[in-house]
Amino acid sequence: MKPKSVLNGLPVYQPGKPLEEVKRELGLSEVIKLASNENPFGCSPRIWESLQEEAAQTALYPEGSAPELREKLSSHLGVDPEKILFGNGADEVIQMIARAFMEPGVEAVLADRTFPRYQTQIVIEGGEPVEVPLKEGVHDLDAMAQAVTDRTRIVWICNPNNPSGTIITQEQLEAFLAKLPEHVMVVMDEAYFEYVDDPAYPDTLSLLEQDPRLVVLRTFSKIYGLAAFRIGYCVASESIITELNKVREPFNANRIAQRAARAALEDQEFVDHCRKANQAGREQIQKQLEEWGLSSYPSQANFVLVDTGRPADEVFQCLLQKGVIVRSGEALGYPTHLRVTVGDEKQNRRFLEALAVCLDKPLKEQRG
Ligand SMILES: Cc1ncc(COP(=O)(O)O)c(C=O)c1O
């Protein structure tokens with residue numbers, strides 16, 4: 001069998017280590033997973049009732065374009081429902097964008113380092129990724145604008161950026177868009193936007209009203225805590241949505257996910273609670289790292305990328321032995337860093353206690 005030639009050398013995506021696997025392999029009963037930027041508070045309890053209602057419909061295909069969820073989300077966001085398209089996670093929306101807009105002979109500009117699925121999907125479609133190094137963990141928009149050519153179809157901006165957690169501001173984005181040629185689409189991946197508290201963060205949905213080049217990507221996997229159901233979406237001009245619908249699988253957003261997302265949207269109190277708890281947890285972690293003199297990027301997301309000053313895989317293994325799963329920076333292009341998801345207060349404390357032992361750092365008893 002001969003696969004597509006572009007698959008040569010393409011790695012298989014390595015997700016964070018699953019909780020169950022670590023328990024099994026290490027014989028540990030108490031394991032916490034702070035590796036995949038999941039929500040430590042689960043999801044809104046309101047979704048359970050709605051799933052009961054949906055249970056009677058399991059033999060029926062879902063409505064592919066998710067009209068009820070689209071209607072609800074459109075009033076929540078204040079955008080036209082015709083500008084929304086759902087995917088089996090934001091991951092699938094990334095795939096659809098690449099499928100519809102990339103082809104051999106065209107380029108896409110993205111950061112080095114950023115969320116790896118952009119690059120993978122560009123390559124699968126035969127396009128050419130043009131990577132522009134981050135500047136102190138932040139998208140270097142000037143250099144990205146310079147990297148744009150006549151062949152550029154898409155610029156990908158992950159905001160907050162995974163794995164650095166940094167953001168670009170409204171002012172920076174506007175200046176960037178002003179320099180960009182008409183033919184270039186700008187995908188703003190805002191998977192973590194609900195966690196942001198910096199007022200300088202861009203209001204992309206308003207910008208989108210005047211600038212049809214923008215595509216705003218979001219998900220129910222993070223603050224809404226629905227990662228298991230797989231549902232994400234993008235907001236874009238109707239003409240872009242029309243093209244994406246041509247490559248969309250007929251029933252890509254499943255029935256249960258649509259129903260859960262509708263219920264989750266109704267519980268904005270839960271979202272507020274998670275946002276506030278995440279801010280406090282992020283501070284809890286960053287303050288301790290600072291006390292230890294370890295540098296981390298100023299994160300606006302639900303994770304922190306910290307430089308341990310030691311080989312990342314070693315620190316990762318040490319934490320694993322103590323039942324704490326984080327993400328080693330080795331595979332993320334940061335060989336001495338760890339990316340840790342902000343957990344609840346107890347999980348953060350447990351992470352810091354384990355890290356103190358692994359790095360031989362002092363920890364005050366009553367912390368947290
Ligand atoms: C920046 C970014 N975009 C998209 C995704 C994909 O999210 P989903 O679970 O909706 O596929 C993730 C998941 O971690 C992410 O970090």
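One salt bridge is counted between domain 1 and domain 2; the term means a side-chain nitrogen of Lys or Arg within 4 Å of a carboxyl oxygen of Asp or Glu. Asp197 forms a salt bridge with Arg282, with the closest N and O atoms 3.0 Å apart.

This is a predicted model: local features need pLDDT of at least 70, side-chain atom pairs count only at pLDDT 80 or more, and totals for chains, interfaces and linings use all residues. Residues are numbered from 1 along each chain as its sequence is written, and side-chain values use heavy atoms, with hydrogens and water left out.

Across the interface of the two domains, 13 residue pairs are in polar contact, both residues at pLDDT 80 or more. A polar contact is a pair of N or O atoms within 3.5 Å; within protein, one must be able to donate a hydrogen and the other to accept it, and residues adjacent in sequence count only if both atoms are side-chain atoms. On the domain 1 side, α11 (268–291) and β9 (303–307) are the elements that give two or more residues. Helices (H or I, at least four residues) and strands (E, at least two) are DSSP runs, numbered from the N terminus. α11 gives the most, with eight residues.

The assignment, automatic or from a database, gives domain 1 as 5–43 + 269–359 and domain 2 as 46–267. Their centres, taken over C-alpha atoms, are 24 Å apart. The contact (heavy atoms within 4.5 Å) takes 29 residues from domain 1 and 33 residues from domain 2.

The domains bury about 2600 Å² between them, 61% of it on carbon and sulfur atoms. Buried area is the accessible area (1.4 Å probe) that two parts lose on being put together, summed over both. In domain 1, Tyr13, Cys43 and Gln300 lose the most area to domain 2, together 23% of what that side buries.

β9 also belongs to an open, antiparallel sheet of three strands, ordered β9-β12-β11. β9 and β11 (327–328) are the edge strands, each with a single partner, so one side of each has no neighbour in the sheet. Strands pair if DSSP finds at least two bridges between them; β9 and β12 (residues 337–341) have five. Val304 has Val340 in β12 as its bridge partner.

| Cis bond | Omega | Loop |
|---|---|---|
| Asp112 and Arg113 | about 20° | Arg113: between β3 (107–112) and α5 (117–124) |
| Asn162 and Pro163 | about 25° | Pro163: between β5 (152–158) and α7 (170–179) |
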